[in-house]
Amino acid sequence: MLKFCQKCGTILLPKKKSGKVKWYCKKCNKYYEPKPKEKVNLSTKLESKKEIIVIDKTELKGELPVTKILCPNCGNEEAYWWMQQTRSADEPPTIFYQCTKCGYRWRVYS
Ligand SMILES: [Zn+2]
Ligand SMILES: [Zn+2]
């Protein structure tokens, strides 16, 4: 199960705080207590088989998967992509692309 921040919809990451592992929202800098029966540890990651990468603008490096897609800005045919939960957890995540050439960013709602 993916966990999403109740405030901003960002995917939560397991993070240690005062000896306990909690769910952490990078965007809000907020920790969520796991449910009593829920086991969370630092290796608890996104259990989905699809690879989901959540990043902030500042973290974008050349480490993202690249796909063949036409850049609407410059016509380049390759872009980095990642998924992000933008609204509520009930909605499908948005796919973001960033052109490998000009850095133009756009999103696709699935
Ligand atoms: Zn948040
Ligand atoms: Zn481009």
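**Strand partners and nonpolar cores**

Author: Thr67 has Ala79 of S5 as its bridge partner. The model is a predicted one, in which local features need pLDDT of at least 70 and side-chain atom pairs count only at pLDDT 80 or more, while totals for chains, interfaces and linings use all residues. Residues are numbered from 1 along each chain as its sequence is written, and chains are lettered from A and ligands numbered from 1 in the order in which they are written.

Reader: Why are S4 and S7 said to stand at the edges?

Author: The open sheet has four strands in the order S4-S5-S6-S7, paired antiparallel. Strand S4 (66-68) and strand S7 (105-109) each have a single partner strand, so one side of each lacks a neighbour in the sheet. On average, neighbouring strands of this sheet are turned by 40 degrees against each other, direction ignored.

Reader: Which residues make up the largest nonpolar core, and why is it called a core?

Author: Its six residues are Cys71, Ala79, Tyr80, Phe96, Tyr97 and Cys99. The term denotes a set of buried Ala, Val, Leu, Ile, Met, Phe, Trp, Tyr and Cys residues joined through C-beta atoms within 7 Å. Strand S5 (78-84) and strand S6 (94-99) are the elements that give two or more residues to this core, and S6 supplies the largest share, three residues. A second, separate core of five residues includes Phe4, Ile11, Leu12 and Trp23.

Reader: Why is Phe4 called buried?

Author: A residue is buried if 20 or more other C-beta atoms lie within 10 Å of its own, exposed if 12 or fewer, and partly exposed in between, with C-beta atoms placed from the backbone. Phe4 has 20 other C-beta atoms within 10 Å, and is therefore buried. Phe4 lies in the segment before strand S1 (13-17).

Reader: What separates the C-alpha atoms of Phe4 and Trp23?

Author: The distance between these C-alpha atoms is 9.1 Å, and the two residues are 19 residues apart along the chain.

Technical notes: Two strands pair if DSSP finds at least two bridges between them. Axes are lines fitted to C-alpha atoms, for helices over the stretch in contact, and angles run from 0 to 180 degrees between N-to-C directions.
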